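Please look through the structure below before reading on.

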Amino acid sequence: MGMVNRMGRWLHALGAAVQFLTVVPLPFRPVFDERTAARSLVFFPWAGALIGAATAAAAILLPHVLPPLPAAALVLILSTAMTGALHLDGWMDTADGVLSRRPRARMLEIMKDSRVGAMGVAAAVLLLLLKWSLLAALLEQPIGAPGAVHLAAVFVWSRSAMALGVAAWPHARGSEGLAALYARASGKHALLALLAGALLVGAAYMLVGLPPLAALGYTLVGLALATAAASALALWLKARLGGLTGDTYGAMNEAAEAALLLALVAVPAS
């Protein structure tokens, strides 16, 4: 009975991660309390894998019927729609707040405002333009199985980096907002999330025929790039805000995605 209860708790944690980070429907309603929220960090990469798998499939199929530019636009629309634009909203709110040049308390107030200002709109347009251009560059040539895994891994690693941000960085609003929900999150949950991401990505590379050493190398490089990009942004945001918020977690995710896509274009992987 104890084993069944533990399995049930982790199943709810998986459901909570998928429900929170995607619009994928679930056959059950997860319990969403502090303990479940903390455990759900472990499954953030799994939610990213759902988005990544759908995005990679679209990237393989669409160039057969469309030129690279519109195909890239549809791939970007799909990846954004699968999150309900959750992380893009965080990116915009973060830009509105931290680029306002106001005192720290006022920045946090601006970020809580549901309205989007000029800085948020500009940041969103520039980010989407960058991601669209990078996807278009990737789709100029047919994407094979390894390339599909490279692309899918972008979404796994970005969610892994976001889990690390939730657990490892201080909260700017103390016990308010997501800080209260993830109050029980710890370094253990973050490390398990990184391990889950590594296992998912490494297994995918090996399934498409990459040798174990190549799979390990790509896995470690992707992990390093995602955590470096997200951590650099987190460090800057902490200096401005005194910590992180739910909006900045979304911004970290977007920064990691953009950095990984840029790396795929700048240094094409075989």
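1. Rings of Phe, Tyr and Trp (for Trp, the six-membered ring) count as a pair if their centres lie within 6.5 Å; planes under 30 degrees apart are called stacked, over 60 edge-to-face, and the rest tilted. By this rule, the whole structure holds 5 aromatic pairs. The model is a predicted one: local features need pLDDT of at least 70 and side-chain atom pairs count only at pLDDT 80 or more, while totals for chains, interfaces and linings use all residues. Residues are numbered from 1 along each chain as its sequence is written, and side-chain values use heavy atoms, with hydrogens and water left out.

2. One of the pairs is F44 with Y182, which is edge-to-face, with 6.4 Å from centre to centre and 85° between the planes. F44 belongs to helix α3 (residues 44-61) and Y182 to the loop between α9 (178-181) and α10 (187-207), so the pair ties together parts 138 residues apart in sequence. Helices here are DSSP runs (H or I, at least four residues), numbered from the N terminus. Both F44 and Y182 are buried, where buried means under 20% relative accessible area, exposed means over 50%, and partly exposed lies in between (1.4 Å probe, protein chains only).

3. Y205 and Y218 make a tilted pair, because their ring centres are 5.4 Å apart and their planes meet at 35°. Y205 is in helix α10 and Y218 in helix α11 (residues 212-241), 13 residues apart, and the pair links distant parts of the chain. Are these two residues buried or partly exposed? Y205 has 3% relative accessibility, so Y205 counts as buried. Y218 has a relative accessible area of 25%, so Y218 is partly exposed.

4. W10, F43 and W46 form one aromatic cluster. The ring of W10 also has the charged end of R39 sitting over it, 5.8 Å from the ring centre. A charge sits over a ring if NZ of Lys or CZ of Arg is within 6 Å of the ring centre and within 35 degrees of the ring normal.

5. Now the backbone. Most residues other than glycine have a negative phi. A85, which is not a glycine, has a positive phi, near 55°. A85 lies in the loop between α4 (68-81) and α5 (86-98), and A85 is partly exposed, at 27% relative accessible area.

6. Which other residue has a positive phi although it is not a glycine? R101 does, with a phi of about 60°. R101 is in the loop between α5 and α6 (104-112). Its relative accessibility is 78%, so R101 counts as exposed.

Technical notes
Helix = DSSP H or I, 4+ residues; strand = E, 2+ residues; numbered from the N terminus.
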